Amino acid sequence: MVNSSKIEKAIESLRIAEKIANDFYNKPLVVTYSGGKDSDVLLDLALKSGIKFEVSHSVTTVDAPQTNKHVNRTFKKLRDQGINAYKRLPSYKGESTNMFDLIVKKGIPPTRMIRYCCSVFKESTEKNRVIALGVRSAESRNRKNREVFSTWGNGNRNKAKYFSKEHVEEVFKDAKSHDEVWDCVIVTTARKNKTIIVNPIYEWSDSDVWDYINENNIEYNELYNMGYKRVGCILCPLAKRSEKQRDMITFPSYRKRYIKAFEKMLEVRKQKGKDDTTGAWKDGEAVFRWWIEDKNVEGQMSFDFTNIDKE
Ligand code: SF4
């Protein structure tokens, strides 16, 4: 059973975030929704908190069909309740795009070191708003030592500033009416209408999330019943090798689509004077093998990245 203080803290965080969004941005809080279990919990908490919010889903173009189905089903329910739930379609340099098109345009597969797809599909969408995310500390080592509230830092963890719920509550008490009272970074960020992030379930464990889902009868993505522990982009370069292997078995058509994209990418590289025929990238299949193997990650890092189309 989830500790009631965790639920209360999450709901209070959402209410504080909503107030900042209304007072400083004159726009509702945006609750982001990925179709994964954490975002289902976040959404349910937002509904229970009684705040006004809108819901945004960033289309990555490599989500599993099960995820798309779950997002559509959830968004229909939200819209039936009068909540503005919308999808953000990706664009690159002003044109609509998808993962396979982007690989050709970038001239390199996305890797752990060069995650250009994240910046196009996920990080470039809801800017200069107050945004609620389902990020949790327990998800990875990279996500530890943060706080419930943060500034954006242009997506750079080292530049982002983190603030506890208690601190944010305190500094925003009089911030709207008394300009001189608090000279705190998060207040300044709100005054400039730059992005503020709230992670209401930051301190929740995996079992908290599942307990909450079961206790509240929340419908979840069917991928979890197929053995998936995390739901995300198919064949994500950040996934473990075992997760990628499972993706290849569960979604064989994606392997083919990636190989085709790598073939087109090699053609464009050739037109730009890059001869890959003698190296590890002799054809689309070879690029795919290079890309998918964890043991090649070191090679991915030291590969010649010149001529990459930098955004
Ligand atoms: S494939 Fe991975 S790195 Fe790329 S957008 Fe999806 S989550 Fe981010």
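**Exercise 1. In which loop is Ala 64 found, and is Ala 64 buried or exposed?**

Before we start, a word on the model: it is predicted, so local features need pLDDT of at least 70 and side-chain atom pairs count only at pLDDT 80 or more, while totals for chains, interfaces and linings use all residues. Residues are numbered from 1 along each chain as its sequence is written, and side-chain values use heavy atoms, with hydrogens and water left out.

Step 1. Find the place: Ala 64 sits in the loop between β2 and α3. Such labels come from DSSP runs, with helices (H or I) of at least four residues and strands (E) of at least two, numbered from the N terminus.

Step 2. Check the accessibility. Buried means under 20% relative accessible area, exposed means over 50%, and partly exposed lies in between, using a 1.4 Å probe and protein chains only. Ala 64 has 1% relative accessibility, so it counts as buried.

Step 3. Look for neighbours. Contact means heavy atoms within 4.5 Å. Not counting residues up to four places away in sequence, Ala 64 touches Leu 223, Ile 234 and Phe 251. Phe 251 is 187 residues from Ala 64 along the chain, yet their C-alpha atoms are separated by 8.1 Å.

**Exercise 2. Describe helix α2 and its surroundings.**

Step 1. Start with the span. Helix α2 covers residues 37-49, which makes 13 residues, and reaches 18 Å from its first C-alpha to its last. That is close to the expected 18 Å at 1.5 Å a residue, where the expected span is 1.5 Å times one less than the number of residues.

Step 2. Judge how enclosed α2 is. Of its 13 residues, 11 are buried, so the helix is largely enclosed by the rest of the structure. Among the buried ones are Lys 37, Val 41, Leu 45 and Ser 49.

Step 3. List the packing partners. The buried residues of α2 pack against α1 (4-25), β1 (29-32), β2 (53-58), α3 (65-80), β6 (130-132) and α8 (206-215).

Step 4. See what comes next in the chain: α2 is followed by Gly 50, which has a positive phi near 80°.

**Exercise 3. How do α2 and α3 pack together?**

Step 1. Read the geometry. The two helices, α2 and α3, pack at an angle of about 5°, and their axes are 13 Å apart. Here, axes are lines fitted to C-alpha atoms, for helices over the stretch in contact, and angles run from 0 to 180 degrees between N-to-C directions.

Step 2. Name the arrangement. Angles under 35 degrees count as roughly parallel, over 145 as roughly antiparallel, 65 to 115 as roughly perpendicular and the rest as oblique. Therefore α2 and α3 are roughly parallel to each other.

Step 3. Pick out the residues. From α2 come Asp 40, Leu 43 and Leu 47, and from α3 come His 70, Thr 74 and Leu 78. An α-helix has 3.6 residues a turn, so residues three or four places apart point the same way.

Step 4. Sort them by type. Ala, Val, Leu, Ile, Met, Phe, Trp, Tyr, Cys and Pro count as nonpolar, Asp, Glu, Lys and Arg as charged, and the others, Gly among them, as polar. The contact of α2 with α3 has 3 nonpolar, 2 polar and 1 charged.

**Exercise 4. Which residues surround the ligand?**

Step 1. Use the cut-off: a residue is near a molecule if one of its heavy atoms lies within 4 Å of it.

Step 2. Read off the shell. Met 99, Cys 117, Cys 118, Lys 122, Cys 233, Cys 236 and Pro 237 surround the ligand.
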